[in-house]
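Here is a walk through one protein chain. Keep the structure open as you read.

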Amino acid sequence: MISKTAIPTGLTAAEVNQRRQEFGYNEVLASKPNPLWVLLSKFWAPVPWMLELTIVLTLSLHHDLDAIIIAALLVFNALISFFQEDRAQSALVLLQARLKVEARVMREGQWTVVPARELLPEDVVHIRMGDIVPADLTIFEGSVLVDESSLTGEAVSAQKGSEDALFSGSVVQRGEASGTVTAIGTHTFFGKTTQLVNSAKTQSHLQSMILTIVRDLGVLDGILVVALVAFALAVHVSWAAVLPFALIVLVASIPVALPATFTLAEAVGAEELVYHGVLVTRLSAVEEAASLDVLLSDKTGTITQNRLSVKQVIPLADVDGDTILSRAAWASDEATRDPIDLAIIRAAPSGRPDRVIEFVPFEPATKRTAATVSYQGQSLEIIKGAPPTLAALCHVSVETVNAKTETLARAGCRVIAVAQGSPGGPYTLLGLIGLEDPPHPDSQKLISALAHLGVRTKMVTGDTVNTAQAVAQQVGIGERVYSASHLKDESGEHLNEYDVFAGVYPEDKYELVKRFQASGHIIGMTGDGVNDAPALKQAEVGIAVSTATDVAKAAASIVLTEPGLVNIVDCVETSRRIYQRMRTYTINKIVKTIQVAMFLTVAFFLTQHFVTTPRLIVFLLFANDFVTMSIATDHVTADRAPSHWNVTRLITLSAVLGGVMLAEAFAVLYWGRDVLHLGWPQETTMIFLMLVFSGQATVYVVREFRHFWASRPSRTLLLATVGDILVVTALVRLGWLMVPISWAAVISTAAAAIIFMLILDGVKYVAVRHGAIA
């Protein structure tokens, strides 16, 4: 309850400037890790350990040049990973700059909203349910229930009233209060301000799936390497020769560039979405929306404009419309910035009670707001809230009130009832206020766009069935409405038949999400209130709308900075493009693993010597694995249906394509040995060149499930390929760090790559059409 005593007028502009000079900003700059330690950590992981072991072995065998080249690969890998993660961190910093806690503050007698970092000692602020306390405060008016568990570790909530202290970072669970700022920034009790963006990266389903595939490939490679070593010893090849080769073959099959590629793809996606009004609270969430197939969307502020205005007033007592609006305004509070309160205050005639004695903020459980006022020498209690609730309170026929409520609801209005009486009752129902919140002009078009992407939009609202149905029909969602009162009795598959869920309490949204998930759907959930947080966390894609409370933003994985659905469409399309890039990288990696690992092993069984050298395999990693990182910037078209990983089909397709590339490898080996009559040193160079050329060709074939010429690659990918081919061709012709080969060998290898690229594309096209698709 809030006793409306005189509120201080707040700081003046001159006082703000003076205090800014003295106290600075309400923030604590996070300490950054030492970049040197971050870089050194890149050398301490399983893949670097294998390379480091290979370096030790080659040095012990006095192969100093090979050791230097492998060390260069190790350093190159570390630098690429370091700089790309730094780019990703920069993206998060950009998000944090856009996604800050805001505060309602009184300045020069006017309530306004400012970033919490701009608060100063002795500022007057107002907090309400769902807020994160922006600075240390002392309450002078009102009462709130706060959760301080993130600060104290205690799970018990604390009730705070007049003259009590509130600490920065605690969460308001119930009530409203005004207070004076006592400390900011490093001077707060806990020495930190609230950061909404969680910079800790969580592993996505997509990344987990790819790492699982890579793990299985590692098992296959391990078996091949064991067989290779056993056969080498059987034919009396020395340990000194076979061990470095076996290690390098294993390293060649491990996705050295995978972490950096993922980081780059996520960073590119996050940066792109920032300019579309979408902020992600964790980078991996960029990928999650690729599989989204059902969006449970709030009505207010997402489908509608959240610009409430009074459309109609229906008196139910011997009073006029102005009196009803005036009484409703007395039970409203401008400091809360609540859209309903602001709309009523704007529409009400001037004139206030003599004094507001007590104010009880809106509670979802009671569905009403109450104010006790002194007016013309008598005490009045004004109540505004849900019509059925107030009808019962005033002992008026609920059927009569519902009939008039439905008249307004069919016009798409949100309906509020207003009553007055002596404190404690009895009460008189004065009338109904119809508030209109028109749909966004582009809502219908954007809902249609989501439908074309295979995402069904279902409206979730606390409004009545008639109001919800009216709005849903206007924007093309549908007219099949389900009342949430029987939600727990229905399965998700049955609920999927409905377009609109009306009468939904915030706590019902969590149950709704779980019902849909249980039937196999990937759910996006929009929310704005503190009670939406469980549902936002439960959904695969939790979306906090632009007007959401601080707690809702903290719980969501995606935060919209603009009203409406347009940002969600961009998010889905961007996510699916990233999915396609990662699918390209994964298929390419599986195909190359099959080609390289199996070719080198089987060729050794057939020829009883290594068809290339450890040094050239390291060069192959430089030439192919890191160039394929540019896949993260490739031009792709978003799938028109939700993207799901089908591992069986993906591996099947990759195995078929890998078989074609394996045939190319043996064809080039035969051509070099039996047609061009190359010696073993030239043969190793030709095999290296073939693996580079075929690796580049594979990227262009698997990036497009139509024919490879159906879409244009990105400039970055094209430049990387051209540069790679020119450099490698120069090396094999000049014989730098390898034995040179003739132009005839180079041209015939390039011709083989082109021929098998066309064959590979045809095989892929047929395989995809027969269902072998990832």
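How many aromatic pairs does the count come to? The answer is ten. The rule takes rings of Phe, Tyr and Trp (its six-membered ring) and pairs them if their centres lie within 6.5 Å. Planes under 30 degrees apart count as stacked, over 60 as edge-to-face, and the rest as tilted.

A word on the source. This is a predicted model, in which local features need pLDDT of at least 70, side-chain atom pairs count only at pLDDT 80 or more, and totals for chains, interfaces and linings use all residues. Residues are numbered from 1 along each chain as its sequence is written, and side-chain values use heavy atoms, with hydrogens and water left out.

Start with Phe 231 and Phe 605. Their rings form an edge-to-face pair, 5.0 Å centre to centre, with 65° between the planes. Phe 231 belongs to helix α6 (residues 205–234) and Phe 605 to helix α21 (residues 566–607), so the pair ties together parts 374 residues apart in sequence. Helices here are DSSP runs (H or I, at least four residues), strands likewise (E, at least two), numbered from the N terminus. Phe 231 is partly exposed, at 25% relative accessible area. Phe 605 is also partly exposed, at 32%. The cut-offs: buried means under 20% relative accessible area, exposed over 50%, and partly exposed in between (1.4 Å probe, protein chains only).

Now move along to Phe 599 and Phe 666. Their ring centres are 5.0 Å apart and their planes stand at 80°, so this pair is edge-to-face. Phe 599 lies in helix α21 and Phe 666 in helix α23 (residues 647–675), so the pair links parts 67 residues apart in sequence. Phe 599 is buried, at 0% relative accessibility. Phe 666 is partly exposed, at 25%.

The charged end of Arg 117 sits over the ring of Tyr 25, 4.0 Å from its centre. Arg 769 places its charged end over the ring of Tyr 765, 4.3 Å from the centre. The test asks for NZ of Lys or CZ of Arg within 6 Å of the ring centre and within 35 degrees of the ring normal.

Finally, step back to the chain. Its secondary structure comes to 26 helices and 21 strands. Of its 774 residues, 55% are buried. Take contacts (heavy atoms within 4.5 Å). Among those between residues at least 6 apart in sequence, 72% join residues at least 24 apart.
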